Amino acid sequence: MANAREGVSKFGKFLSGMVMPNIGAFIAWGFLTALFIETGWIPNAQLATIVSPMLKYLIPVLIAGQGGYAIAGRRGRVIGAIAVFGAIMGTDYTMLMGAMLMGPLAGWIIRKWDAWAATWKPAGLEMLVDNFSLGLIGLALAVAGFYAIGPFMGIILVMLQAGVQVLVTYGLMPLLAIFIEPAKVLFLNNAIGNGIFVPIGTEQVKTAGQSIMFMLESNPGPGVGMLLAYAILCRDTTTKQSAPGAIIIQFLGGIHEIYFPYVLMNPKVIIGPIAGNLVAILFSTIFGLGLVGPASPGSIIAFASMAPKSQVLLIILDVALAAVVSFFVSAPFVRSSTASISDDGSDTARDAGATEVVVDPTARAMSSISKIVFACDAGMGSSAMGATRFLRRINAIRPDIKVEHASVDDIPTDADVIVCQKMLAERARTSAPVTAQFVVIGNFLNDPALDALQTQLTTNYQMQHAAVAATNAASAAIERSSETDAWTITADDIVLGNASTDRESAIRACGKLLVDRGYVSEDYVDAMVERDHEVSVYIGNGIAIPHGTNEAKRHVQRTGVVALQYPDGIDFDGERAYVLFGIAGKGDEHLQVLAKIADALSDEAQADKLRQIASTDEFLRVLG
């Protein structure tokens, strides 16, 4: 069953891979239709003449070209576009489905030809053979498309439309929700959306000017209503706190995958989105609603943009109705559940003893990681959002790391770390480099595995490099000891048992002690706060090292290090620092002391002793 689902999902992703890169063309055509046809917002008879040719010729050629490119690169794109033109002219129906067939077929044929021709092509005649083969094979496929594939795909489209009409005639259209919502959560939304509903809807727009088919899978209301129930009623704090962000991302960004983990951890809650979509479809059917083009991504913005002028308010009401119904139906399932979103998206109450599937990224040296890839089904929705958010989390400290997004079936060969959801992990492993580390998550918003990865890439990286740099610099300083006066941190530089305060106040307290000890002028203190704003001075194991910016070195009067102990800790973005070492250095003189600090903090047990110590003499002994 799982293999069959994965097969359908891969097929849907392949269809989506032809459609999604060309969504801009659909949007252009949709706005052209909404604005300039006779019943549009600003009717214009001349501009309206572009509508039909764009749909009949441009969009199918773009889709077929993309399908050919996916199989055979640039030559595949050209032959795919040639081949589909025969299918376009061989029927009166819009050849979106024909393009999805002809493009990959033409790409496969030219790829096979090229592999065979490479064994015998005469030297010096390569270009001649390549150009003639592309043209002649493309011509043959165009003829086949005109006489066979175009008419055949037209028959398929007629049969699908007839099936839709039966559902409308007998009032069964709303029952599609029972199929649509579970299929979406199983990552089959690309298959049903781009493979079925978009081609049917596009054909209906030619005669009716709008189609309900564009609203069936992409309505954001059902998911938003269910997420709202989690945001208000969920008993698990982590899940409850993540839901509002998910609502914004789905409602305004149109990334429906964001709510899938909330269903997977508590499958009964799918009844809510099913009920919401069922009511929305019924409402749309009763009032004859439809969109003029695909709402992609499926956000409220896309819905309103693709709505006919006379139906905007009703379509917004349709989305709101779906959300309200989904909320009230989902509410009792959310309220009674004890499940929470874990790092693998599973129901933690049910799977507490299940084998953990998250691969620990610490198995790979942090300094060797140069590319992280977030992967989702199509590589364009949730993975793009996740990659953008994670890049912002690490970029200040690790600008050397590239964070990209991709489809689970097309992961770059140079990926060092791959982040994907549990249901897609096996597919991702089949296309991933064998040396890549996997981080399997439940959601892209508030997942512990992402927090752990960030810590490994930033905090631990800083600790490792601080220790190495400090030790190397200290060795160099020792070699120069005959040229400089030796010095060390003293008991007068240490203040123990400070009461907890806020982060900035603690840093300023370090700065004040540096001033009082005659190490710096008062201007250096503001530079210490500025440095922490740029990049956190927390380095791990309960240790922070406040220091000034490079420009503030002119305010250093003599090298010195002070230490302030806060037994109850200071909050640094969710981490607790119990000892703050304030540092002021002229040149490299302070690095001998920094090397001792690095030695102490690299051992978590030793660092923990600094938190508990009650005397300055013992504190100095720990530092060595």
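Let me start with a term. Partly exposed means between buried, which is under 20% relative accessible area, and exposed, which is over 50%. Keep those cut-offs in mind. And note that this is a predicted model.

Now, salt bridges. The structure holds 13 of them. I will walk through a few.

Start with Asp400 and Arg398. Their side chains meet in a salt bridge, 2.9 Å from N to O. Buried or exposed: how do these two residues count? Asp400 has 42% relative accessibility, so Asp400 is partly exposed. Arg398 has a relative accessible area of 0%, so Arg398 is buried.

Next pair: Asp493 and Arg517. They form a salt bridge too, and the closest N and O atoms are 2.7 Å apart. Where do the partners sit? Asp493 is in the loop between helix H19, residues 459-479, and strand E5, residues 494-495. Arg517 is in the loop between helix H20, residues 503-516, and helix H21, residues 523-534. The two residues are 24 residues apart, and the pair links distant parts of the chain. On accessibility, Asp493 is at 1%, so Asp493 is buried. Arg517 is at 24%, so Arg517 falls in the partly exposed class.

Stay with helix H20 for the next one. Glu504 forms a salt bridge with Arg508. Here the closest N and O atoms are 3.0 Å apart. Both residues lie in helix H20. They are four residues apart, about one turn of the helix. Glu504 has a relative accessible area of 35%, so Glu504 is partly exposed. Arg508 is at 32%, so Arg508 is partly exposed. There is also a network: salt bridges that share partners join Lys371, Glu404 and Asp414.

On to helix packing. Look at helix H4, residues 51-89, and helix H5, residues 96-117. They pack at an angle of about 135°, and their axes are 8 Å apart. That angle is why H4 counts as oblique to H5. Which classes of residue make up this contact? There are 19 nonpolar residues, seven polar ones and three charged ones.

Two elements give two or more residues to the patch: H4 and helix H6, residues 126-169. Which element gives the most? That is H6, with seven residues.

Let me pick out one member, Tyr57. This residue is in helix H4. Tyr57 has a relative accessible area of 30%, so Tyr57 is partly exposed.

One last stop, at Asp573. Where is Asp573? This residue is in the loop between strand E8, residues 560-572, and strand E9, residues 575-584. At 63% relative accessibility, Asp573 is over the 50% cut-off, so Asp573 counts as exposed.

To recap. Asp493 and Arg517 link distant parts of the chain, while Glu504 and Arg508 both lie in helix H20. Helix H4 packs against H5 at about 135°, and H4 also gives residues to the nonpolar patch. Thank you.

Note on methods
Residues numbered from 1 in each chain as written. Predicted model: local features only at pLDDT ≥ 70, side-chain atom pairs only at ≥ 80, totals over all residues. Heavy atoms only, no water. Axes fitted to C-alpha atoms, helices over the stretch in contact; angles between N-to-C directions. Parallel < 35°, antiparallel > 145°, perpendicular 65-115°, else oblique. Nonpolar A, V, L, I, M, F, W, Y, C, P; charged D, E, K, R; others polar. Buried < 20%, exposed > 50% of the residue type's maximum accessible area, 1.4 Å probe, protein only. Salt bridge = Lys/Arg side-chain N within 4 Å of Asp/Glu carboxyl O.
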